[in-house]
Amino acid sequence: MLKDITERGVLGHALAFVYVIEFQKRGLPHVHLLLHLIEEDKLVEAEDIDSIICAELPDPLQEPDLFSIVKACMIHGPCGVDNPKCPCMEDGKCTKDYPKDFCDSTSPNTEGYPKYRRRSDGRTVNVKCPDGKFVLLDNRNVVPYCPWLTKKFNAHINVEACTSLKSVKYLYKYIYKGHDCANIEIDEVINHDEIKTYLDARYVSSPEAVWRIFQFPMHAQSHSINRLPVHLPHCQYVYFKDGQQ
């Protein structure tokens with residue numbers, strides 16, 4: 001997938017990229033990738049975004065395979081009143097703001113991310129809740145995806161157009177936040193020492209351990225970055241040694 005994106009240019013010709021691969025505590029690997037496109041391929045207009053990213057259910061008659069993949073991998077929830085115990089719920093609201101509003105056209109920049117086209121076209125999917133009941137979800141619950149990548153890899157691949165610094169900073173936070181940690185508490189009945197029995201440990205699942213044993217890359221970037229010092233006029237640091245006047 002990384003070769004398709006960074007070398008073959010399925011999302012556009014890449015000028016630069018940076019990514020990190022991390023593992024969830026249940027052992028599932030996933031990648032966070034930030035891609036900088038050349039000027040000609042930047043997603044500036046609504047038509048540019050719609051040509052690569054979709055946030056709607058495909059036609060089940062014309063694209064039956066893609067429809068089944070989107071139903072299985074790219075539907076958020078159910079959450080809200082249908083499933084108040086969903087992990088995305090906080091204080092009775094979805095932290096990811098699903099379900100989204102219906103929208104007839106894409107707006108390129110709305111608080112850092114585009115407001116993707118989600119038409120009320122009548123297409124729905126029947127999704128099962130943890131309590132066993134089924135609910136109908138529509139385009140308002142579709143996670144933005146690239147049809148080409150989703151169909152090829154048959155997996156959850158969330159594709160977003162980053163149109164502001166806010167979304168770029170979010171991605172770099174993931175890249176440099178470090179490994180997962182696990183807090184371990186050891187019970188001791190005799191000579192209990194709270195400090196010694198509390199251990200801040202690194203969490204490594206079995207799949208991640210194998211990944212590291214085979215020395216597969218955990219992160220990469222196309223360009224090296226050097227942070228240069230910036231001085232305002234007449235605001236340079238001046239150092240004095242003891243005894244100097």
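Predicted model: local features only at pLDDT ≥ 70, side-chain atom pairs only at ≥ 80, totals over all residues.
Residues are numbered from 1 along each chain as its sequence is written, and side-chain values use heavy atoms, with hydrogens and water left out.

## The overall picture

The protein chain has six helices and eleven strands. Both are DSSP runs numbered from the N terminus: helices are H or I with at least four residues, and strands are E with at least two.

Of the 245 residues in the protein chain, 31% are buried. Buried means under 20% relative accessible area, exposed means over 50%, and partly exposed is in between (1.4 Å probe, protein chains only). Contact means heavy atoms within 4.5 Å. Among the contacts in the protein chain with a separation of 6 or more, 57% are between residues 24 or more positions apart.

## Strand 1 and its partners

How many of the ten residues of strand 1 are buried? Eight of them are, so strand 1 (residues 14-23) is largely enclosed by the rest of the structure. Strand 1 runs antiparallel to strand 2 (residues 29-37), and nine bridges join the two. Two strands pair if DSSP finds at least two bridges between them. Ile21 has Val31 in strand 2 as its bridge partner. The hairpin of these strands has five residues between them, and there Gly27 takes a positive phi near 95°.

Strand 1 also pairs with strand 11 (residues 219-221), again in the antiparallel sense, over three bridges. Here Val18 stands opposite Gln221.

The structure holds five aromatic pairs. Rings of Phe, Tyr and Trp (its six-membered ring) pair if their centres lie within 6.5 Å; planes under 30 degrees apart count as stacked, over 60 as edge-to-face and the rest as tilted. Phe17 and Tyr19 have ring centres 6.3 Å apart and planes at 10°, so this pair is stacked. Both Phe17 and Tyr19 are buried. Elsewhere in the list of rings, Phe23, Trp211, Phe214 and Phe216 form one aromatic cluster.

Which residues of helix 3 are buried? In helix 3 (residues 64-73), they are Leu66, Phe67, Ile69 and Val70. Looking down the helix axis, these buried residues fall within an arc of 165°, so they line one face of the helix. That arc is taken from the directions from the helix axis to the C-beta atoms.

On the face turned away from the buried side, helix 3 carries the exposed residues Asp65 and Ala72. The cover over its buried residues includes strand 7 (125-128) and helix 4 (147-153).

## The nonpolar cores

A nonpolar core is a set of buried Ala, Val, Leu, Ile, Met, Phe, Trp, Tyr and Cys residues joined through side-chain atoms within 4.5 Å. The largest one has 21 residues, and Leu57, Val70, Ile75, Val125 and Tyr145 have the most contacts inside it. Helix 3, strand 7 and strand 8 (134-137) each supply at least two residues of this core. Helix 3 gives the largest share, three residues. Another core of 13 residues lies apart from it, with Ile52, Ala55, Ile157 and Ala161 among them.

What does Ile75 touch, leaving aside its neighbours within four places in sequence? Ile75 is in contact with Leu57, Val70, Val125, Val127, Leu137, Asn141 and Val142.

Asp138 lies in the loop between strand 8 and helix 4. Is Asp138 buried or exposed? With a relative accessible area of 13%, Asp138 is buried. Leaving aside neighbours within four places in sequence, Asp138 is in contact with Leu57, Phe102, Arg123 and Thr124.

Val44 is in the loop between strand 2 and helix 2 (46-50), and at 47% relative accessibility Val44 counts as partly exposed. Cys181 is in strand 9 (residues 181-185), and its 40% relative accessibility makes Cys181 partly exposed. Cys181 and Lys25 are 156 residues apart in sequence, yet 9.6 Å apart in space, C-alpha to C-alpha.
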